[in-house]
Amino acid sequence: MTTTTLWHNARIATLDPAHGADGWGLIEDGAVLTTGDQITWVGPNRALPSHAHPAHEVDLGGALLTPGLVDCHTHLVYGGHRAAEFEQRLQGVSYEAIARAGGGIRSTVAATRAASEDDLLASATQRAKSLMAEGVTTLEIKSGYGLSLEAEARCLRVARRLGAEQRLDVKTTFLGAHALPPEFEGRPDDYIDAVCAWLPELHAQGLVDAVDAFCEHIGFSPAQTRRVFEAAKALGLPVKLHAEQLSDQGGAALAAAFGALSCDHLEHLSDDGIAAMKAAGTVAVLLPGAYYFLRETKLPPIAALRAAGVPMAVSTDHNPGTSPGLSLLLMASMACTLFRLTPLEAVQGITLHAARALGLTDRGQLTAGQRADFVAWELDHPNELAYWFGHNPCRRVIAAGLERT
């Protein structure tokens with residue numbers, strides 16, 4: 001039997017336009033009624049339905065309540081770190097030069113292949129807990145540091161185990177087309193053949209929710225990316241794409257042609273790419289941590305994306321090489337200061353639009369029928385989520401209707 005709980009005495013930022021034209025959807029002295037893992041009612045406490053007879057009541061002490069946070073682009077499972085490369089880049093060596101010299105993703109692949117499944121789980125769990133402490137209730141984890149069938153499966157199993165062991169909803173993305181492993185040196189088409197052959201087996205094991213690729217001149221070509229997407233489409237799996245990070249490869253338009261859930265990075269995105277994403281309903285995922293860490297200077301076309309009405313998500317892109325940050329709130333602040341998003345856009349970017357970037361329509365707002373994921377903050381207004389940094393105002397996290405302890 002499911003339990004009904006009344007969560008009350010809160011200022012609620014529903015992000016539902018029905019509760020205010022400003023986008024925040026604020027409800028003063030609000031309450032949320034949940035049954036099991038679902039929200040059944042949201043509104044002012046004085047308007048609580050007379051037929052509501054909650055088994056439990058929780059006084060939130062006047063806290064600000066928002067939807068649970070969604071980190072929609074991470075590479076959380078890996079071995080080792082790349083601090084030495086950070087020093088190299090500070091001395092002027094480019095990301096591309098490091099990658100071509102055998103560093104970058106390949107160095108993490110070596111460390112990941114050498115790690116046991118339990119070791120990978122232990123390190124990924126610690127990283128996830130940092131994100132969870134700031135109110136993350138849904139997390140995407142990509143593979144892509146194994147680059148063999150056995151190692152990719154191991155990383156995806158770790159992601160599944162992490163979600164099963166923590167009060168956290170984990171979505172997995174197969175990113176076999178991340179980089180060329182050393183055993184396929186000079187044979188990228190053969191490697192793409194292998195990636196396409198692995199995908200049905202990984203899917204049959206229940207390890208894949210979506211498929212991604214790195215379409216870039218140091219990654220894979222549009223033609224090679226298309227082959228991966230065709231393999232995903234044959235299995236009914238949605239696609240995503242690392243697109244237009246370092247150059248314009250036309251990846252966003254290619255991904256949009258496959259109805260991609262999202263295109264991510266996008267510093268070199270063209271007007272044609274924006275139009276294709278708009279037509280396909282593809283979410284733009286902005287990754288200010290990588291932009292900052294790589295000291296990039298070309299901004300994503302934020303104004304053009306905004307004008308076209310393309311939804312913009314914000315994520316940590318947590319990875320050991322180009323974005324080792326573990327604070328989604330910091331990314332929201334960076335999205336405002338570096339990319340010129342408004343605080344509302346940034347908060348929507350780590351809730352509503354981040355959920356859509358994962359193909360999830362049951363979270364990201366506080367409305368009846370949504371999953372009961374929400375966070376109580378020691379804040380007055382939700383715009384403060386993008387204002388403070390180096391400080392965690394999260395006080396309580398409710399995930400799937402139950403409070404984390």
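**Strands, helices and buried residues**

Tutor: Seven strands form an open sheet of mixed pairing, in the order E3-E2-E1-E4-E13-E14-E15. Strands (E, at least two residues) and helices (H or I, at least four) are DSSP runs numbered from the N terminus, and two strands pair if DSSP finds at least two bridges between them. The model is predicted, so local features need pLDDT of at least 70 and side-chain atom pairs count only at pLDDT 80 or more, while totals for chains, interfaces and linings use all residues. Residues are numbered from 1 along each chain as its sequence is written, and side-chain values use heavy atoms, with hydrogens and water left out.

Student: In E4, which residue is the bridge partner of Ala-10?

Tutor: Strand E1 (residues 4-13) runs parallel to strand E4 (residues 56-67), and seven bridges join them. Within E4, the bridge partner of Ala-10 is Ala-63.

Student: Is strand E8 mostly covered or mostly open, and how many of its residues are buried?

Tutor: Buried means under 20% relative accessible area, exposed over 50%, and partly exposed in between, with a 1.4 Å probe and protein chains only. In a regular strand the side chains alternate between the two faces of the sheet. In E8, Ala-210, Asp-212 and Phe-214 are buried on one side, and Val-211, Ala-213 and Cys-215 on the other. E8 (residues 210-215) is thus mostly covered, and its buried residues number six of six.

Student: What is the hand of the crossover from E7 to E8?

Tutor: E7 (residues 169-177) and E8 pair in the parallel sense over three bridges, and Phe-174 has Val-211 as its bridge partner in E8. The chain passes from E7 through helix H6 (residues 188-204) to E8. A crossover is right-handed if, with the strands pointing away from the viewer, the path from the first strand over the helix to the second runs clockwise. This β-α-β crossover is right-handed.

Student: In E9, which residue is the bridge partner of Cys-215?

Tutor: E8 also pairs in the parallel sense with strand E9 (residues 240-243), over two bridges. E8, helix H7 (residues 222-234) and E9 make a right-handed β-α-β unit. In E9, the bridge partner of Cys-215 is Ala-243.

Student: At roughly what angle do the axes of H5 and H6 cross?

Tutor: Axes are lines fitted to C-alpha atoms, for helices over the stretch in contact, and angles run from 0 to 180 degrees between N-to-C directions. Leu-149, Glu-152, Ala-153 and Leu-156 in H5 meet Trp-198, Glu-201 and Leu-202 in H6, where contact means heavy atoms within 4.5 Å. The axes of H5 (residues 149-165) and H6 come within 11 Å and cross at roughly 35 degrees.

Student: What relative accessible area does Thr-173 have?

Tutor: Thr-173 lies in strand E7. Leaving aside neighbours within four places in sequence, its contacts include Glu-140, Leu-156, Val-211 and Lys-240. Thr-173 counts as buried because its relative accessible area is 1%.

Student: How far apart are the C-alpha atoms of Thr-108 and Tyr-145?

Tutor: Thr-108 is in helix H3 (residues 105-114), and is buried at 2% relative accessibility. Tyr-145 is one of the residues that Thr-108 touches, not counting those up to four places away in sequence. The two are 37 residues apart along the chain, and their C-alpha atoms are separated by 6.3 Å.
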